[in-house]
Amino acid sequence: MMKVAILGGTGNIGVGLSLRLAVANYSVVVGSRSEDKARKKVEEYNSILNKLGCENRIGFADNSTASKICDITILAIPYKHAFSTAESLREELEGKIVVSPVVPMKKEGNTFVYDPPEEGSAAEKIASILDCSKVVSAFQTVPAKKFSNMNSKFDWDVPVCGDDEKAKKTVMDLVNSIDGLRALNAGPLKSSRLVESITPLLINLAIKNGIYDLSIKFV
Ligand SMILES: NC(=O)c1ccc[n+]([C@@H]2O[C@H](COP(=O)([O-])OP(=O)(O)OC[C@H]3O[C@@H](n4cnc5c(N)ncnc54)[C@H](OP(=O)(O)O)[C@@H]3O)[C@@H](O)[C@H]2O)c1
């Protein structure tokens, strides 16, 4: 069973990732800056798994320990803090697969705009920091609210970008293990800028048209 650390697994996108990967038989560890916060969240997650009749249980640890003991680490942390968190975990994440769902964006008036770092995308900046890890990007276009509700049904595509083909395949398998998600190979890590920039579009469409939980499907 592959071990997946979800750093910031206590937050919005972390809920669905933790629950759905546990249901898919990954061994999930929620990482947090606060073990106490993680313990409380994981109690909630495990009670949901129990109600679903799923026997798997989610663990928790501080971000450093979670990164050290897992094969794959998902950086489910707001972009303003994701880079400093990556900096602080360079050693723990050496040689490991690191998944970036991170979307750098800001609000201009009533509109969200893509606001990438000078490296071109959040994923490329994370790869420049974690130059001894295998960085793959995925999940940027998955809306947290619907994803976190285990009664939700959806049929969404998840573009996956990465330069290490083996690591990308491992992450595509992880995405495909979640019911309702289809992983698509979207090319090298530098294509992450194309994927990340879809998210502010989805949010603007949602707000301006009153249709929420938008994601993407290629047909
Ligand atoms: N929300 C969405 O619908 C969605 C969809 C796709 C992708 N994403 C991306 O996923 C990432 C997480 O988004 P989110 O909405 O889940 O974020 P969030 O709920 O606001 O925060 C997630 C977690 O990040 C940790 N965190 C907060 N401030 C931090 C800091 N200063 N340093 C280190 N960790 C900190 C917290 O965990 P602890 O307090 O436990 O450490 C928090 O629970 C973002 O990069 C976002 O762009 C979000």
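Guide: Contact here means heavy atoms within 4.5 Å, and residues 24 or more positions apart account for 73% of the contacts in the chain with a separation of 6 or more. This is a predicted model, in which local features need pLDDT of at least 70, side-chain atom pairs count only at pLDDT 80 or more, and totals for chains, interfaces and linings use all residues. Residues are numbered from 1 along each chain as its sequence is written, and side-chain values use heavy atoms, with hydrogens and water left out.

Visitor: What makes the chain as compact as a globular protein of that length?

Guide: The chain holds 9 helices and 10 strands, where helices (H or I, at least four residues) and strands (E, at least two) are DSSP runs numbered from the N terminus. Its radius of gyration, taken over C-alpha atoms, is 16 Å, close to the 17 Å that the globule rule gives for 219 residues, so the chain is as compact as a globular protein of that length; the rule is 2.2 Å times the number of residues to the power 0.38. Along its principal axes, the C-alpha trace spans about 40 × 40 × 30 Å.

Visitor: Why is Lys190 called exposed, and where is its place?

Guide: With a 1.4 Å probe and protein chains only, buried means under 20% relative accessible area, exposed over 50%, and partly exposed in between. Lys190 has 53% relative accessibility and therefore counts as exposed; its place is in the loop between strand S10 (181-185) and helix H8 (192-196).

Visitor: What are His81 and Ile97 called on that scale, and why?

Guide: His81, which lies in helix H4, has a relative accessible area of 47% and is therefore partly exposed. Ile97, in strand S5, has a relative accessible area of 10% and is therefore buried. Among the residues that Ile97 touches, not counting those up to four places away in sequence, are Ile72, Val136 and Val171, whereas the C-alpha atoms of Ile97 and Thr111, 14 residues apart along the chain, are separated by 34 Å.

Visitor: How do you know that H1 is largely enclosed by the rest of the structure?

Guide: In H1, 10 of the 12 residues are buried, so this helix is largely enclosed by the rest of the structure. The buried residues of H1 include Leu17, Arg20 and Leu21, and they pack against strand S1 (3-7), strand S2 (27-32), helix H2 (35-51), S4, helix H6 (144-148) and helix H7 (165-176). H1 is followed by Asn25, whose phi is positive, near 80°.

Visitor: What makes a set of residues a nonpolar core, and which residues of the largest one touch the most other members?

Guide: A nonpolar core is a set of buried Ala, Val, Leu, Ile, Met, Phe, Trp, Tyr and Cys residues joined through side-chain atoms within 4.5 Å. The largest has 40 residues, of which Leu21, Ile58, Phe139, Phe147, Val160, Val175 and Leu181 touch the most other members, and its largest share, 6 residues, comes from helix H1 (residues 12-23). Apart from it lies another core, of 23 residues, among them Ala61, Tyr79, Ala86 and Ile129.

Visitor: Which residues of helix H5 are buried, and what covers them?

Guide: In helix H5 (residues 122-129) the buried residues are Ala122, Ala123, Glu124, Ile126 and Ile129. Their cover includes strand S4 (72-75), helix H4 (79-88), strand S5 (97-100), strand S7 (111-114), strand S8 (134-137) and H8. Over the whole chain, buried residues make up 53% of the 219 residues.
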